[in-house]
Each structure stands twice: as C-alpha cells, then as structure tokens.
Amino acid sequence: MSTATWSVLDTPIGPFTAVVDDDGAVIASGWTASLDELLPQIHPTLRPTELVAGDLGPVADAVTRYHSGELSAVDGVPVRQRSGEFLEHAWEVLRTVPAGGPVTYTEYAAKAGRPAAVRAAASACARNAVALFVPCHRVLRTDGTLGGFRWGVDAKRWLLAHESPRQ
C-alpha cells in the first residue's frame with residue numbers, strides 16, 4: 001500500500017495542486033484545484049492506494065519560492081514518472097532546459113538525442129504529469145509561438161514572462 005499527500009497552493013496564476021508520494025517525489029502537478037484532473041496523468045504503477053490532503057513541506061516551499069521569483073527553487077525537487085525509455089529520457093532532458101532559455105520542439109528533440117523525433121518530443125511534453133518540475137512550458141513551436149499547454153496558453157505565457165531575463 002502506498003500513500004501520497006496532496007495540496008492546493010495559491011499562485012499568481014491560480015491554484016496549483018501537487019501530489020507527492022511517500023518518498024517525497026512529485027508524481028503529479030499542475031495549475032488546477034482539481035485532484036481529479038491530475039490523477040489520470042499518474043502512471044498506473046505509481047498510483048497511490050491512499051491519498052491524504054496535507055502539508056507538502058519542501059515541495060510547497062519550492063513552488064512558493066519559484067512563483068516569488070526564485071526560479072531555480074524547483075530544480076532539485078524529486079519527481080517520479082513512468083513510461084517508455086524515450087519519454088523517461090526526454091523528461092530528464094527537459095529538466096536541463098533553463099528558466100529564461102526556452103527551446104523549440106525541434107531543439108528539444110535534438111537535445112533528447114533523436115533530432116528527427118519532433119512528434120515524440122511533443123508527446124513527452126503532452127504526457128508530462130509533473131508540470132513546473134519538468135518544465136514543459138519551456139518548449140515552443142519552431143516559429144517561436146507558444147503552442148499548447150495542458151494548463152492553458154495564458155499560464156504558459158505567464159510562466160515564460162516570469163522566467164524571461166529582466167532587462
């Protein structure tokens with residue numbers, strides 16, 4: 001039996017919910033107040049048998065610090081996702097894309113070691129269950145436009161502006 005803790009945090013772009021497993025790794029997160037929107041994103045082998053609302057400790061602290069301007073606060077937060085070999089690798093690579101340095105889907109595919117796999121790279125973003133901690137919002141269309149984002153294009157726009165280097 002596994003237990004996970006979840007909580008909804010207030011952020012400048014709306015409620016942010018995170019689900020953290022009993023080892024302290026984020027297994028689902030996003031800008032929603034609905035746990036039901038997150039649970040289907042968790043791989044079946046990682047789904048907890050029990051969910052309790054509670055304090056997320058260092059995860060909540062990192063989310064708050066990130067939204068307050070400490071962009072690197074979420075970088076070291078442990079995450080846990082499962083899928084095929086390429087997607088798992090692509091999610092790890094995505095964590096290396098720095099705040100303020102978005103990449104295109106083409107660049108992301110190349111960074112993940114499969115330059116021709118642009119659709120697979122886009123799929124990695126679409127299937128990412130731990131938004132913010134695996135920063136899929138930092139990937140743009142080849143023409144530089146925002147593209148889609150599970151949590152809304154307005155949220156993606158805010159995140160990219162928040163992370164852009166201040167002049």
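What follows goes through the core, the aromatic rings, one glutamine and the salt bridges.

## Ground rules

This is a predicted model, where local features need pLDDT of at least 70, side-chain atom pairs count only at pLDDT 80 or more, and totals for chains, interfaces and linings use all residues. Numbering runs from 1 along each chain as its sequence is written, and side-chain values use heavy atoms, with hydrogens and water left out.

## The core

Start with the largest nonpolar core, which has 49 residues. The term covers buried Ala, Val, Leu, Ile, Met, Phe, Trp, Tyr and Cys residues joined through side-chain atoms within 4.5 Å. V19, W31, V59, L94, Y108 and F133 are the members that touch the most others. Helix α3, spanning residues 85-94, gives the most to this core, namely six residues. Helices here are DSSP runs of H or I with at least four residues, strands are runs of E with at least two, and both are numbered from the N terminus.

Take L94 from that list: setting aside neighbours within four places in sequence, L94 is in contact (heavy atoms within 4.5 Å) with Y108, C125, V134, P135, C136 and V139.

## Rings around F16

There are three aromatic pairs in the structure. To pair, rings of Phe, Tyr and Trp (its six-membered ring) need centres within 6.5 Å; planes under 30 degrees apart are stacked, over 60 edge-to-face, and the rest tilted. One of the pairs is F16 with W31, edge-to-face at 4.9 Å centre to centre and 70° between the planes. F16 sits in strand β2 (14-20) and W31 in the loop between β3 (26-30) and α1 (35-38), 15 residues apart. How buried is F16? Its relative accessible area is 0%, while W31 counts as buried at 9%; the cut-offs are under 20% for buried, over 50% for exposed and partly exposed in between (1.4 Å probe, protein chains only).

F16 also pairs edge-to-face with F133, at 6.2 Å centre to centre and 65° between the planes. F16, W31, F133 and F149 make up one aromatic cluster.

## A buried glutamine

Q81 lies in the loop between α2 (58-67) and α3, and counts as buried at 11% relative accessible area. Its side chain has a 3.1 Å polar contact with the side chain of N128, and reaches the backbone nitrogen of A129 at 2.7 Å. A polar contact is a pair of N or O atoms within 3.5 Å; within protein, one must be able to donate a hydrogen and the other to accept it, and residues adjacent in sequence count only if both atoms are side-chain atoms.

## Salt bridges

The model holds six salt bridges, each a side-chain nitrogen of Lys or Arg within 4 Å of a carboxyl oxygen of Asp or Glu. R80 bridges D21, with the closest N and O atoms 2.1 Å apart, and D23, with the closest N and O atoms 3.8 Å apart. Together D21, D23 and R80 are linked in a network. D21 is buried at 13%, R80 is partly exposed at 24% and D23 is exposed at 60%.

Elsewhere, R138 and E163 meet in a salt bridge at 2.9 Å, N to O. R138 is in the loop between α5 and β6, and E163 in helix α6 (153-163). R138 is buried at 3% relative accessibility, and E163 is buried with a relative accessible area of 3%.
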